[in-house]
Amino acid sequence: MSTYILNIETSTKACSVAIHKNGKLMSLKENVTENFSHSEKLQNYIQQTIEKSKIQLSNLSAVAVSKGPGSYTGLRIGVASAKGLCYALNIPLISISTLKAMSLGMSQEKKADLFCPMIDARRMEVYSAFFDSNNIIKREIKADILDVNSYKDELKQKVIFFGDGSDKAKNTIKNKNASFVANFHPSARFVGMLSYQKFLDSDFEDIAYFEPFYLKDFVAGKKT
């Protein structure tokens with residue numbers, strides 16, 4: 001029996017939707033923009049990926065969503081859409097760590113001892129974690145304030161930094177073991193690489209109570 005999973009990624013500037021069949025990518029629609037237009041794009045992207053995959057919503061076995069950390073608003077939009085579909089179709093909800101999915105995607109493109117996906121936060125802050133070449137987490141997800149002394153222990157090995165927070169790191173961290181990959185964004189394609197195994201393991205979320213992993217409390221900007 002075929003397992004179709006709709007995968008949603010809205011944790012950053014990227015709005016991305018993919019359909020995977022038994023863990024293999026069938027269709028992908030995504031866009032990266034500065035204006036965070038997820039609320040306008042997401043439902044259309046879902047419809048387009050369903051149509052491109054030549055299936056119906058009723059064929060879906062589960063919905064997977066990137067759970068963060070990342071943009072508060074982006075995460076809320078993605079999770080709300082995923083929950084709505086799961087309720088309507090009576091199918092399970094799967095959550096995937098944004099950083100773990102990014103690391104898996106990068107590890108298929110590059111070789112290193114450690115992979116450090118970075119999501120831009122405020123000022124000199126990033127959300128980051130470290131994973132080995134088997135995508136096993138080696139240092140937990142944290143909100144890090146970058147300076148010249150950041151990650152000295154990890155940089156005893158070769159590390160690839162990537163994601164929209166890595167530009168800050170590149171301008172701050174000077175170490176021969178550090179390399180940086182520009183223009184690498186979270187993608188529903190990477191979410192789908194992990195969600196099928198969670199489906200097989202019946203590793204599902206409680207739809208009613210699941211919340212995104214914000215890592216930090218939401219801080220509203222001041223009105224001007």
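At what angle do the axes of helix α1 and helix α2 cross? The answer is roughly 35°, with the axes of α1 (residues 38-53) and α2 (residues 72-89) coming within 10 Å. Bear in mind that this is a predicted model: local features need pLDDT of at least 70, side-chain atom pairs count only at pLDDT 80 or more, and totals for chains, interfaces and linings use all residues. Residues are numbered from 1 along each chain as its sequence is written, and side-chain values use heavy atoms, leaving out hydrogens and water.

**Helix α1 against helix α2**

- Helices (H or I, at least four residues) and strands (E, at least two) are DSSP runs, numbered from the N terminus; axes are lines fitted to C-alpha atoms, for helices over the stretch in contact, and angles run from 0 to 180 degrees between N-to-C directions.
- On the α1 side, His38, Ser39, Leu42, Gln43 and Ile46 do the touching, and they meet Gly74, Ile77, Gly78, Ser81 and Leu85 of α2 (contact means heavy atoms within 4.5 Å).
- Sorted by class, that contact of α1 with α2 has four nonpolar, six polar and no charged residues (Ala, Val, Leu, Ile, Met, Phe, Trp, Tyr, Cys and Pro count as nonpolar, Asp, Glu, Lys and Arg as charged, and the others, Gly among them, as polar).

**Helix α3 and its surroundings**

- Helix α3 (residues 98-107) and helix α5 (residues 188-200) have axes that come within 8 Å and cross at roughly 100°.
- That makes α3 and α5 roughly perpendicular to each other (65 to 115 degrees; under 35 is roughly parallel, over 145 roughly antiparallel, and the rest oblique).
- From α3, Lys100, Ala101, Met102, Leu104 and Gly105 make the contact, facing Phe190, Val191, Met193 and Leu194 of α5.
- The class tally for α3 with α5 is seven nonpolar, one polar and one charged.
- Eight of the 10 residues of α3 are buried, so this helix is largely enclosed by the rest of the structure (buried means under 20% relative accessible area, exposed over 50%, partly exposed in between, with a 1.4 Å probe and protein chains only).
- Among the buried residues of α3 are Thr98, Leu99, Ser103 and Met106.

**The five-stranded sheet**

- The sheet is open, runs in the order β8-β7-β6-β9-β10 and has mixed pairing (two strands pair if DSSP finds at least two bridges between them).
- At the edges sit β8 (137-145) and β10 (178-181), each pairing on one side only.
- From one strand to the next, the twist averages 20°.
- Strand β6 (residues 114-120) pairs with strand β9 (residues 159-162) in the parallel sense, over four bridges; Phe115 has Ile160 in β9 as its bridge partner.
- Helix α3 packs on this sheet, touching β6, β7 (125-131), β8, β9 and β10, and its direction makes about 130° with that of β6.

- Most residues other than glycine have a negative phi, and most peptide bonds are trans.
- The peptide bond from Gly68 to Pro69 is cis, with omega near 10°, and Pro69 is in the loop between β4 (62-66) and α2.
- Lys54 isn't a glycine, yet has a positive phi of about 60°; Lys54 lies in the loop between α1 and β4 and is exposed, with a relative accessible area of 75%.
- Tyr151, also not a glycine, has a positive phi of about 65°; Tyr151 is in the loop between β8 and β9 and is buried, at 8% relative accessible area.
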